[in-house]
Amino acid sequence: MSSGGPSNNSNGNGNSLKLYYHPMSFYSQRVLMALYEKRVPFKSQVVSLLTKEQYKPWFLRLNPRAEVPVLTDGVKVIPDSVRIVEYLEDNFSNGQFGQLTPREKGSEESRKIQAFRECFEGLPVGAMTYGTAGNPHLWDNPKFPFTPTLFKQMAEMAKTRPSMIRGYAQSNPEFQETLREKALEAQDGDQNLHKTAEEMDDVLGRFDAALGRAEEELATHTGEHTHWWLCGELFSIADIDLAILLNHLYVLGHERRFWAEGKRPHLQAYWDRIQQRVSFQRSTHISLGGLQLARLHQAFKEHSGVLASVMAALGLAAISYAVYRRVNKS
Ligand SMILES: N[C@@H](CCC(=O)N[C@@H](CS)C(=O)NCC(=O)O)C(=O)O
């Protein structure tokens, strides 16, 4: 998929870019990692998925599918993580910016990157996330913020999602067609996130097959190729896909199923290495303070008045107390 060539609105130095995202969103993390890897400057705004800010008219005007991430470049609006990463690669790859695809297009490395991208980018990540939440027998070792309470809320949300989206379609006539389509997908299609144990076997199998392919490839990096990334010397878009995927599975608590404790030693070594990368750390870091601040920001916008001030004061007090405790501990 191509982003349609250089933007007339882009000045090529990233000053006009703005990313609408959520720090817990898998697809947002993929774009963040690409931006950090390429060292492209950008502004950003958190869209609070917890308070359903993605269904507010201002955001639907950017993306009628009500999904983050969305990148704007001047007046140009680019939704969808795959398209955004390609847009960045097409428009910000010279001089000061990093390169995530080989210069030589027909090479073996290029072909491998494309094949791995198709393999990873086709995985049903939403089904994995919400399906894990809705099947307690799959809760092995989940990490913050995936607590049992959050998992239970997510499982409930997966059930009520189609009717919720239909409700938003009704109250936003301008975006009705796209939202009705989305509701149908959430009811019967790919986007049905309410999964039975049997359906989850299939979802888990698909991830297992993809990670098996990665393990096989990494196992071939011997001798002078031990320092290679997934498809070669270059740290590529396939590496971003794999890094964010491994992180997501780790946070959901699936590392023992897929690679840890001797299951896939090459993938384990890759995971250890990827965690050292600054772009990875910056794109996957989720702080409780950050999530609370995003909620407060939304509250401010909606009820600018006494209530918001009180909430802000309470939130800031809680964050200050957490910082105070941390400082006192160290
Ligand atoms: N294909 C899209 C998927 C984006 C997506 O599903 N984003 C989720 C967050 S990870 C979202 O915004 N969901 C909100 C909703 O569907 O209400 C991409 O690659 O960016």
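Q: What share of the 330 residues of the chain counts as buried?
A: 33% of them count as buried. Keep in mind that this is a predicted model.

Q: How many helices and strands are there in the chain?
A: The chain has 14 helices and 4 strands.

Q: And the contacts, how many join residues at least 24 apart?
A: 72%, taken among contacts between residues at least 6 apart in sequence.

Q: On to the ligand. Which residues surround it?
A: Ser-25, Phe-26, Tyr-27, Leu-49, Gln-54, Ala-66, Glu-67, Val-68, Pro-69, Asp-80, Ser-81 and Val-82. Helix 1 and helix 3 are the elements that give two or more residues to this shell.

Q: What is the peptide bond from Val-68 to Pro-69 like, cis or trans?
A: That bond is cis, with omega near 5 degrees. Pro-69 sits in the loop between helix 2 and strand 3, and both Val-68 and Pro-69 belong to the ligand shell.

Q: Why does Asp-80 count as partly exposed?
A: Asp-80 has 18 other C-beta atoms within 10 Å, and a residue needs 20 or more to be buried, or 12 or fewer to be exposed.

Q: Where is Glu-261, and what is its phi?
A: Glu-261 lies in the loop between helix 10 and helix 11. Its phi is near 50 degrees, again positive in a residue other than glycine. With 10 C-beta neighbours inside 10 Å, Glu-261 counts as exposed.

Q: Helix 11 comes next. Which of its residues are buried?
A: Leu-267, Tyr-270, Trp-271 and Ile-274. Seen down the helix axis, these buried residues fall within an arc of 100 degrees, so they line one face of helix 11.

Q: What covers the buried residues of helix 11?
A: The cover includes helix 8, helix 9 and helix 12.

Q: Back to the strands. Do strand 1 and strand 2 run parallel or antiparallel?
A: They run parallel, joined by 4 bridges. Tyr-21 stands opposite Val-46 in strand 2.

Q: Which unit do strand 1, helix 1 and strand 2 make?
A: Together they make a right-handed β-α-β unit. Helix 1 in that unit covers residues 26-38.

Notes:
Residues numbered from 1 in each chain as written. Predicted model: local features only at pLDDT ≥ 70, side-chain atom pairs only at ≥ 80, totals over all residues. Arc of directions from axis to C-beta. Contact = placed C-beta atoms within 7 Å. Pairing = 2+ DSSP bridges. Right-handed = clockwise from strand over helix to strand, strands pointing away. Near = placed C-beta within 6 Å.
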